[in-house]
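Me: I have a structure open and would like to go through it piece by piece. Can you help me read it?

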Amino acid sequence: MDEFDRKILLCLQENAAESLEAIAAQVGLSASPCWRRIQKLEAQGVIQRRVALLDPDRMRVGVTVFVSVRTNRHTADWAERFCAAVVTIPEVVEFYRMSGETDYLLRIVVPDIAAYDRVYKRLIQSVDLYDVSSAFAMERIKYTTALPVTYAE
């Protein structure tokens, strides 16, 4: 990966709907070589997909909840059942298995506390949980889906 590829990725992360000509101009290439590079990055799996980012307030999911889950059951069967249940909940927009005190961390978006309570009840019905701790975000200070491109090789 060279500087042209990195510049292309920065452009696409900023606005994937930008025209090919505009991206090519921003990175200093003509359209054909720029298009070939984009296709190569897609074929390599560097570009996984192109999506639209929606405004959470306009979608009425302006409340962000970070949920820490701890379990005292560390079996493959439990983990499979828990993960299968969590991925079916559309309000869960991020889901991680963690190291340290917390076993799983979820980011949930909802319109209000009552909606979160409904998600919480679905969550605790899925499997036995040892501890569930919720923290409501008070203010979003930084949010980006753009990854740094300087480390890519």
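Me: How far apart are the end C-alpha atoms of residues 1-64, and how much of the span is helix?
Reply: This is a predicted model. In it, the end C-alpha atoms of residues 1-64 are 36 Å apart.

Me: What does UniProt list for residues 1-64?
Reply: The UniProt record, an unreviewed entry, has "domain: HTH asnC-type" for residues 1-64.

Me: And which domains does the domain assignment give?
Reply: For the protein chain it gives domain 1 as 3-44 and domain 2 as 57-137. Taken over C-alpha atoms, the centres of domain 1 and domain 2 are separated by 37 Å.

Me: Now the strands. Which strand pairs with β1 over 7 bridges?
Reply: That is β3, residues 104-110, and the pairing with β1, residues 63-70, is antiparallel. Within this pairing, T64 is opposite V109 in β3.

Me: How many bridges join β1 to β4?
Reply: There are 6, and β4, residues 131-136, also runs antiparallel to β1. Here S68 of the chain stands opposite S133 in β4.

Me: Which way do side chains point along a strand, in general?
Reply: In a regular strand they alternate between the two faces of the sheet.

Me: Going back a bit, where is R60?
Reply: R60 sits in the loop between α3, residues 31-43, and β1.

Me: What is the phi of R60?
Reply: Phi of R60 is near 60 degrees, which is a positive value in a residue other than glycine.

Me: Why does R60 count as exposed?
Reply: R60 counts as exposed because its relative accessibility is 59%, and the cut-off for exposed is over 50%.

Me: How do the residues of the lining divide into nonpolar, polar and charged?
Reply: The lining of the largest pocket has 28 nonpolar, 8 polar and 10 charged residues.

Me: Which helices and strands supply at least two residues of that lining?
Reply: α1, residues 3-14, does, and so do β1, β2, residues 92-97, and β3.

Me: How many residues does the lining draw from each domain?
Reply: The lining of the largest pocket takes at least three residues from domain 1 and at least three from domain 2.

Methods
Residues are numbered from 1 along each chain as its sequence is written. This is a predicted model: local features need pLDDT of at least 70, side-chain atom pairs count only at pLDDT 80 or more; totals for chains, interfaces and linings use all residues. Side-chain values use heavy atoms; hydrogens and water are left out. Two strands pair if DSSP finds at least two bridges between them. Helices (H or I, at least four residues) and strands (E, at least two) are DSSP runs, numbered from the N terminus. UniProt positions are given in the numbering used here, feature names are shortened, and annotations may be inferred rather than shown by experiment. Domain bounds come from an automatic or database domain assignment. Ala, Val, Leu, Ile, Met, Phe, Trp, Tyr, Cys and Pro count as nonpolar, Asp, Glu, Lys and Arg as charged, and the others, Gly among them, as polar. Buried means under 20% relative accessible area, exposed over 50%, partly exposed in between (1.4 Å probe, protein chains only).
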